[in-house]
Amino acid sequence: MSLTERQLLSGDSAIALAALHGGVALGSGYPGTPSTEILEYLAHIGGKAQWSPNEKVAMEVGIGVAYGGARSLVTMKHVGLNVAADPFFSVAHTGVVGALVVVSADDPGMASSQNEQDNRRYAVAAAVPMLEPADSQEAYDFTLAAMEISERWEIPVLLRVTTRVCHTQAPVQPRAAVPPPQPHFEHDLRGRNLIPSNARPAHRRLRQKLSEMTEWSELTPLNRLVPGDKKLGIITSGVCFMHAREAAPAASFLKLGFTHPLPLKKIAKFVRSVERCVVIEEGDPYLADAIRAAGLNVESKPEMFRFGELNVDRIRRILAHDHSPEPARPPVKPPELCDGCGHHVVFQALHNLDCIVAGDIGCYALGVLPPYSAMDCCVCMGSSIPIGLGLRHVLPPAEAKRVVSVIGDSTFVHSGMTGLAEMIYNPPPTGHVVVILDNSTTAMTGHQEHPGTGRTLDHAATSKVVYEDLGRALGIEDVRVFPLGKDCAGFQQMIVEALASEKLVLIVARRPCVLAAKSIREYENRDKCATGCAAPEALVP
Amino acid sequence: MKKNVNVVIAGLGGQGVIKASDILSEAAFRSGYEVKKSEIHGMSQRGGSVTSDVRFGPQVLSPMVPPGEADFLVVLAPDQVEVNRGQLRAGGVLLAPDLIDPAALANRKSFNVALLGALSAHLEISAENWQAAMHSVLPEKLHAANEQAFAEGRRAAATRLQP
């Protein structure tokens, strides 16, 4: 299919297509549902896209791209922006030359996340402009608009999307591609070195930009009126606009696409133009709080609707003041570890030994479910190692000696390495045992590559981080590798020995993900052929 | 078609729920309808329940089929019928897995497409658009098996429609 004709695209794919048509020089990110497909599709359609070890690094790569005068797209799920918040806040102060568009894909309802977090708050906290598309067409259009806004005000832009925008397929009419800017470097020592004497004027410049954008937000068609009955006015943003129009087809709407800084004059005019005004938004009452703080009288949803996604049915309830308990969702079959998954052996052994297990983010979080029930905590990316160390420091020795940290390979590269540095720097008296569950891919999000697989986003060979070498280089004296198979007793014995040694032990438990193994073999064979064996074409007479 | 058509496809991770909804939405789009297709993926890859909503017609707003408003409920796994039955409107059509005999399929993995064939007997989408959608969504080596499954499903539904 041509990339310029009207086509069905997910919101994620639409963002990628806009990045390609808008001349993004490099997309960087870390996989995370529901954002993962953006960079995969960008690479698929011929753009340049890379996985970084984590979101902070991806953001910093993007800042470099934008400092160089090129356009940058940085993608992550909502919790990724927590990891990347440090550079995000600072680059708002330094500003950029080329566009820096940061995609935060929020997951209201937590289809595949550890927490429910409304990242619209980040636009306010970091003082950056924010756009919220409602469907795939807007995901395309707003990505291009975000690039223009970013370059016009020399500021990073937050493109805030949610699961239903990311993963809904809908028609998109693309536009003609625009020529990308030519990267070049200009020194700006005072502007980009945030020592206090430079940062103070930088903060004033940032607030001046926001003030100008506030005026602009009153005029931009990104914030638009949908005229209707004056009895009911609805102020909304994102996919809630679609649900709300279906729930109340006759109502008047103020549909906000540019949601920071807010067009409070336009909002005030709308509020006064209708008899009843209701703010419909998922998650936190971000719009409602801001509008009420401006002295405007609007209805907001009751607290029960802060939780989970909104939909047509729930919005009908909000509009009807129906606060009765909602029908319980029918029980669904929960996910489980795949047949043949290497993690089975690990969690069977940890269960048998009644270990205290500090877990981490990934498929293996399913180790918490029966029959193993062998994970005591799972907090955030990379937390398993430091939390395990904290437990070891304070628990009585008999309990401390049962503590094990388990972490997946992609998660380890994301933010586990600093945990190992902590371990050798502040070793607990009883030692510690860390197991890296190396399945040679980022399995949970759909088999993305990472620095430990030795392949790039598009599966081409590159340099590889080797965990056992890294552990030894950091000074961990006991580093072991265990090839996972059916030998649970062997693995269990290794854990028993490691715990009894009271030393710092790193075990790399290795087996490729059963769902990814075939693809991994194909990539490896291809790479071997590229360097060694005769090319298949040469065999054809 | 004056009204939107709401279809919910349900099953378990790995059964091809999403692939079936890809084909349906593509076929509807090629037929000139406005289309939205929405599902949750992520944890569902690990064998858990999966549903995908496809809505098409003159204008589609919300991407999700409101509870009790599905015209068609297509279910790939027997144990997912009851948990999803509430999605159907009164008078809506359930296409359950017992409609298809897996032994009649050239490849049992095409079970999802066989149920699409059964659904096709109820929809205003031409055979050409169904075929073009399958060809655009599935790799070429799977075309023949899936076309056989689609035809088998359509035949099974037609038999049931004309007792």
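Trainee: Axes are lines fitted to C-alpha atoms, for helices over the stretch in contact, and angles run from 0 to 180 degrees between N-to-C directions. So, at what angle do H1(B) and H3(B) pack?

Mentor: Helix H1 (residues 17–30) of chain B packs on H3(B) at about 40°, and their axes are 9 Å apart. Helices here are DSSP runs of H or I with at least four residues, strands are E runs of at least two, and both are numbered from the N terminus. This is a predicted model: local features need pLDDT of at least 70, side-chain atom pairs count only at pLDDT 80 or more, and totals for chains, interfaces and linings use all residues. Residues are numbered from 1 along each chain as its sequence is written, and chains are lettered from A and ligands numbered from 1 in the order in which they are written.

Trainee: Parallel or oblique, that pair?

Mentor: H1(B) and H3(B) are oblique to each other. The classes are roughly parallel under 35 degrees, roughly antiparallel over 145, roughly perpendicular from 65 to 115, and oblique for the rest.

Trainee: Which residues of H1(B) and H3(B) make the contact?

Mentor: H1(B) brings Val17(B), Lys19(B), Ala20(B), Ile23(B) and Leu24(B), and H3(B) brings Asn112(B), Val113(B), Leu115(B) and Leu116(B). Contact is a pair of C-beta atoms, placed from the backbone, within 7 Å.

Trainee: And H3(B) with H5(B), how do the axes cross?

Mentor: At roughly 45°, with the axes of helix H3 (residues 111–120) of chain B and H5(B) coming within 6 Å. That makes H3(B) oblique to H5(B). On the H3(B) side the residues include Val113(B), Ala114(B), Gly117(B) and Ala118(B), and among those they meet in H5(B) are Asn146(B), Phe150(B), Gly153(B) and Ala157(B).

Trainee: What else is in chain B, and in what order do the elements run?

Mentor: Chain B has five helices and five strands. From the N terminus on, they run β-α-β-β-β-α-β-α-α-α. The C-alpha trace of chain B spans about 35 × 35 × 35 Å along its principal axes.

Trainee: Switching to chain A. How many helices and strands?

Mentor: Chain A has 23 helices and 18 strands. Its C-alpha trace spans about 75 × 65 × 60 Å along the principal axes.

Trainee: How much of chain A is buried?

Mentor: 53% of the 541 residues in chain A. For chain B the figure is 53% of 163 residues. Buried is 20 or more other C-beta atoms within 10 Å of a residue's own, exposed is 12 or fewer, and partly exposed is in between, with C-beta atoms placed from the backbone.

Trainee: Why is H11(A) called largely enclosed?

Mentor: Because eight of the eight residues of helix H11 (residues 240–247) of chain A are buried. Among them are Phe241(A), Met242(A), His243(A), Arg245(A) and Glu246(A).

Trainee: What covers the buried residues of H11(A)?

Mentor: The cover includes strand S10 (229–237), strand S11 (251–256), strand S13 (276–280) and helix H14 (312–319) of chain A.

Trainee: How many residues of H1(A) are buried?

Mentor: Eleven of the eleven in helix H1 (residues 11–21) of chain A. They include Asp12(A), Ile15(A), Leu17(A), Leu20(A) and His21(A). Just after H1(A), Gly23(A) takes a positive phi of about 75°.

Trainee: How do H1(A) and H7(A) cross?

Mentor: The axes of H1(A) and helix H7 (residues 136–153) of chain A cross at roughly 30° and come within 8 Å. The two helices are therefore roughly parallel to each other. Gly11(A), Ala14(A), Ile15(A), Leu17(A), Ala18(A) and Ala19(A) in H1(A) meet Ser136(A), Ala139(A), Tyr140(A), Thr143(A) and Leu144(A) in H7(A).

Trainee: Last one, Asp322(A): buried or exposed?

Mentor: Asp322(A) counts as exposed, with 11 C-beta neighbours inside 10 Å. Asp322(A) lies in the loop between H14 and helix H15 (343–352) of chain A. Its C-alpha atom is 9.7 Å from that of Pro302(A), 20 residues apart along the chain.

Technical notes. Contact = placed C-beta atoms within 7 Å.
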